[in-house]
Amino acid sequence: MLSGRRLDLLDPSPMDIEIEDIAHGLARVARWNGQTVGEHAFSVAQHSVVVEEIMAHVRPDVAPRWRLAALLHDASEYVIGDMISPFKAALGVNYKDFEERLENAIHVRFGLPAKTPAEIKALIKLADRACAFFEATQLAGFTHAESLAFFDAPPHGYSLTIEPLPPAAAQARYLERFHLLSEAAGYTPTAAAFDTE
């Protein structure tokens, strides 16, 4: 990793995970494998910020720690990339186990339970699908009807106009949300991995 950490992908340690590495990687991983309109790809980092926002719209009273879990819902992709769901299914259980081990280590690193409660996981999935609806119709060439068929309707009263950010801006926005939510959840901030003297 750019932080200097060496992450064992087969047995990831929470101590080898840095939020700066996650933000850097996710800001450079394109949703839809980059098959979107616009000057910049819509990054997983920007997608994650939107998912957290949608979750808060759906459940305004959700605790900051679960909003942090929403922000981190695709954090494993900083190492393994963003694979489309049909391809993940084709790879089978071993891939899912690998992804789950990495997700668990990320959660532990940032003070969250390794396993997200089912109710929160469902809420994050709802927000994730709503974000995908907007991405599909605005960036990936889907018709409104196709998006409804694949992702269902977005939450009532929520609208979004997507403007993909350049990587540096997406990375900065992701880190800003992470630090704000971590503090709100009562987690002690740690020294940034990329700080220099």
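A170 is found in helix α9, where helices are DSSP runs of H or I of at least four residues, numbered from the N terminus. The model is a predicted one, in which local features need pLDDT of at least 70 and side-chain atom pairs count only at pLDDT 80 or more, while totals for chains, interfaces and linings use all residues. Residues are numbered from 1 along each chain as its sequence is written, and side-chain values use heavy atoms, with hydrogens and water left out.

With a relative accessible area of 2%, A170 is buried; buried means under 20% relative accessible area, exposed over 50% and partly exposed in between, with a 1.4 Å probe and protein chains only. A170 lies 7.3 Å from S43, C-alpha to C-alpha, although 127 residues separate the two in sequence. Apart from neighbours within four places in sequence, A170 is in contact with A27, S43, A45, Q46 and L165, contact being heavy atoms within 4.5 Å.

A45 and Q46 belong to the α2 side of a helix pair: A45, Q46, S48, V49 and E52 in α2 meet A170, R173, Y174, R177 and L181 in α9. By class, these residues divide into five nonpolar, two polar and three charged. Here Ala, Val, Leu, Ile, Met, Phe, Trp, Tyr, Cys and Pro count as nonpolar, Asp, Glu, Lys and Arg as charged, and the others, Gly among them, as polar. The axes of α2 (residues 44–58) and α9 (residues 167–184) come within 8 Å and cross at roughly 40°. Axes are lines fitted to C-alpha atoms, for helices over the stretch in contact, and the angles run from 0 to 180 degrees between N-to-C directions. The two helices are therefore oblique to each other, given that angles under 35 degrees count as roughly parallel, over 145 as roughly antiparallel, 65 to 115 as roughly perpendicular and the rest as oblique. The crossing of α2 with α9 is left-handed, meaning that the near helix is turned anticlockwise from the far one by less than a right angle; clockwise would be right-handed.

Helix α2 also packs against α7 (residues 118–138), with axes that come within 8 Å and cross at roughly 120°. This pair is therefore oblique as well, but its crossing is right-handed. From α2 the contact takes H47, V50, V51, I54, M55 and V58, and from α7 it takes I120, L123, I124, L126, A127, D128, A130, C131 and E135. Twelve of these residues are nonpolar, one is polar and two are charged.

Aromatic rings are the next topic. The whole structure holds eight aromatic pairs, counted when ring centres of Phe, Tyr and Trp (its six-membered ring) lie within 6.5 Å; planes under 30 degrees apart are stacked, over 60 edge-to-face and the rest tilted. W32 and F151 form an edge-to-face pair, 6.2 Å centre to centre with 85° between the planes. W32 lies in the loop between α1 (19–26) and α2 and F151 in α8 (residues 144–151), so the pair ties together parts 119 residues apart in sequence. Both W32 and F151 are buried. Ring pairs link W32, F142, F150 and F151 into a cluster.

Two loop residues remain. Most residues other than glycine have a negative phi. N33, in the loop between α1 and α2, has a positive phi of about 50° and is partly exposed at 49% relative accessibility. D152, in the loop between α8 and α9, has a positive phi of about 70° and is partly exposed at 44%.
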